[in-house]
Every structure is written in structure tokens, then in C-alpha cells.
Amino acid sequence: MLLYDNRLSGNCYKVRLLFALLSIAYEREELDVFDRSNRPGVIGDLNPALRVPTLVLDDGRALAESGAILHHFAQGTEYLPVDDYERAQVLQWMFFEQYDIEPNIAMVRFWALGDMAVSDVLREPKLQAGHRALTALQRHLGRHQFLVGERYSIADIAVFGYVHVADQGGFSLEPYPAVRAWLTRVAAHPGHITIED
């Protein structure tokens, strides 16, 4: 398999993390997240949205979007519950991540890593929405060890992807002790890799 990837991307990291946990072998091709000018020629036939991660399976079929890739490869593993309701809860947290964390925490981090000048008019609403997302996580993780069923799942992988680097966008995690404790639990899981790996 070939993963079109970027080391800065939390979305790509989620896929690499699950593959590490499952000992799945694959090749990687790095694509720039700031200069996307070559993407139509490289992945245009594979992913109409031209985003990473894009995965090319051994049979040549392509699969895009981190959540879809996580869901596909977690089938039949300990990282996706068997119970239908818990599976729906996994999807709930994955949708939460894409709706509340990725557009806010990840976007502010992207601006910071790219050294982009962004007005407070754009930045402040993202910061406020990111803190609302962290507050929601704090409420839930104050009562639970993991996001679903008290065990590590792709819901945790999906949310961990950008929350663990939230400080790179200027989000202090100091007010969120349950979130910080959860980050430590996730990072302690056997087979864990860092975003730099």
C-alpha cells in the first residue's frame, strides 16, 4: 500500500498511528501541506478533494479521509467495538473531531506552523470554538478513561490526532486535566508512535 502523507498533518498521523498499532506495512510519499500545486498531477485521479491522507490499496483502489481509512482498517480489531451502539458512539466522536476539533484547533495550528498572518477577526472565533471542544472533552473524560466503552478505540485515535498538538496553535491544556490524563493514557498504549515518526 502507498500512503500519500505529511508529517505535520494530524489527519495523516491518525492513519500512521493505527497502522503502527496493527503492524500494517505500507510505503509513504510525502506531499506538502502548504504548497499544493502538484496535487492534481499526483493524486488528482485518486482523491477528487486533493487532500492527504490518500491511501492506495494493494489492488489499486484509493481511499481518502482519515476517518474512512481508520474505520476500514479497524474492522474486526480491538479498535472498533463489536456492539452496534458503541460503534455508533465511535462515529459520534469521529464526527465531533471533524466538526469541532479539525476546523478550529487544527486550523489555528496550521496557521501557526505556516507562520501565516491571520487577523484576530478570523482567529478569535476559532480559538473560542476550540476551547468549547476541549471543554466538551473535559466533561466526558472527567468520567471516562477513554471516549467509548472504557477502552482505546479509533475514536481516541481520531481525537488524539490534533488535541495532543493543540499547544502548537496556542491552546493551553492546563485548564483541562482530564484531557491531559487521557493524552497520557493514549500515548502509553503499546505500539504508540509520535507524530514525528
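This is a predicted model: local features need pLDDT of at least 70, side-chain atom pairs count only at pLDDT 80 or more; totals for chains, interfaces and linings use all residues.

**Entry 1: T54**

I started with T54, which I found in strand β3, residues 54-56.

Is T54 buried or exposed? I looked up its relative accessible area and got 0%. Buried means under 20%, so T54 counts as buried.

Next I checked what its side chain does. It makes a polar contact with the side chain of N47, at 2.9 Å. I also found the backbone oxygen of R51 2.6 Å from a polar atom of the T54 side chain.

Then I listed what T54 touches, leaving out residues up to four places away in sequence. I got L2, L3, Y4, I43, L46, N47, L63 and A64.

**Entry 2: β1 and β2**

L3 stands opposite R28 in β2. How do strands β1 and β2 run? They run parallel, with 4 bridges joining β1 (residues 2-5) to β2 (residues 27-30). I traced the chain from β1 through helix α1 (residues 10-21) to β2, and this β-α-β crossover is right-handed.

**Entry 3: the largest pocket**

I counted 20 lining residues, and S9, N11, R36, E102 and Y162 lie nearest the pocket's centre. Which helix gives the largest share of the lining? I have that down as α4 (residues 84-113), with 7 residues.

Definitions and conventions: Residues are numbered from 1 along each chain as its sequence is written. Side-chain values use heavy atoms; hydrogens and water are left out. Helices (H or I, at least four residues) and strands (E, at least two) are DSSP runs, numbered from the N terminus. Buried means under 20% relative accessible area, exposed over 50%, partly exposed in between (1.4 Å probe, protein chains only). A polar contact is a pair of N or O atoms within 3.5 Å; within protein, one must be able to donate a hydrogen and the other to accept it, and residues adjacent in sequence count only if both atoms are side-chain atoms. Contact means heavy atoms within 4.5 Å. Two strands pair if DSSP finds at least two bridges between them. A crossover is right-handed if, with the strands pointing away from the viewer, the path from the first strand over the helix to the second runs clockwise. On a 1 Å grid over the protein atoms alone, a cavity is a set of points where a 1.4 Å probe fits but cannot get out, and a pocket is an open set with protein on both sides within 12 Å along at least five of seven lines; lining residues have an atom within 4 Å of a point.
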